[in-house]
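Here are my notes for a first look at this model. Please keep the structure open while reading.

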Amino acid sequence: MLTAVVERTLALLALVAIGVSLSCLVALVRGRVPELLRELALPLATAVAVVATGGSLYLSEVAGYLPCALCWYQRIAMYPLVVVLGVATLRRDQAAWTTVAPLTVIGAGIAAWHVAVERMPALGSGVCDPSAPCAIRWVEEFGFLTIPTMALIGFVTITLLVLIARSGDPRA
């Protein structure tokens with residue numbers, strides 16, 4: 001029961017993250033970033049990283065969903081973001097994107113590949129451990145939000161938020 005609530009909550013937060021991402025994308029394309037969004041960008045990016053990290057730990061350690069190899073690679077990219085973005089938020093470091101963007105781009109690439117493997121399991125035959133196959137969909141909310149899909153949304157949202165924060169940096 002609790003796991004179902006957590007899964008639904010994470011999926012709803014992923015939908016919110018899609019809305020935030022679209023707003024950031026529009027602001028960046030138009031070249032007009034509202035000051036409030038710029039000020040909130042790093043704390044929001046930190047919150048996304050904290051929720052993604054906490055969610056993945058809950059799903060593996062409490063719900064008992066066994067992480068596959070691709071899940072571990074995504075974790076390697078996501079977990080340090082909690083610290084990096086937390087410190088950047090405290091320091092109001094608008095240049096944090098130089099550290100964050102490489103991790104999020106790599107993480108997004110792995111998550112996108114994981115989504116493809118979920119949809120076409122034959123793609124993952126060389127990467128995945130048979131004892132923890134990458135094609136298992138432990139969570140599927142609203143017909144499309146799986147764990148790798150939510151991770152992809154998290155990486156993209158964090159990337160756009162640090163670019164929004166960067167837009168206020170006179171050195172950028």
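**Notes on the packing**

1. Start with I158. Setting aside neighbours within four places in sequence, I158 is in contact (heavy atoms within 4.5 Å) with A45, V48, A49, M78, L81, L85, V100 and T104.

2. A word on the basis. This is a predicted model, where local features need pLDDT of at least 70 and side-chain atom pairs count only at pLDDT 80 or more, while totals for chains, interfaces and linings use all residues. Residues are numbered from 1 along each chain as its sequence is written, and side-chain values use heavy atoms, with hydrogens and water left out.

3. I158 belongs to the largest nonpolar core, which has 26 residues. Such a core is a set of buried Ala, Val, Leu, Ile, Met, Phe, Trp, Tyr and Cys residues joined through side-chain atoms within 4.5 Å. Buried means under 20% relative accessible area, exposed over 50%, and partly exposed in between (1.4 Å probe, protein chains only). L81, L85, V100, F155, I158 and I164 touch the most other members. Helices α1 (2-30), α2 (35-62), α3 (69-91), α4 (97-119) and α5 (147-166) each supply at least two residues. The helices are DSSP runs (H or I, at least four residues), numbered from the N terminus. The most comes from α5, with 8 residues.

4. A second, separate core has 12 residues, including A11, Y65, L145 and M150. A11 sits in helix α1 and is buried, at 0% relative accessibility. Not counting residues up to four places away in sequence, A11 touches E141, F142, L145 and M150.

5. Which residues form the aromatic pair? The rings of Y65 and W138 do, and they are stacked because their centres are 4.9 Å apart and their planes lie at 15°. Rings of Phe, Tyr and Trp (its six-membered ring) pair if their centres lie within 6.5 Å; planes under 30 degrees apart count as stacked, over 60 as edge-to-face and the rest as tilted. A search of the whole structure finds 1 such pair. Y65 is in the loop between α2 and α3, W138 in the loop between α4 and α5, 73 residues apart. Y65 is buried, at 15% relative accessible area. W138 is partly exposed, at 36%.

6. Now F142. The loop between α4 and α5 holds F142. F142 is partly exposed, with a relative accessible area of 38%.
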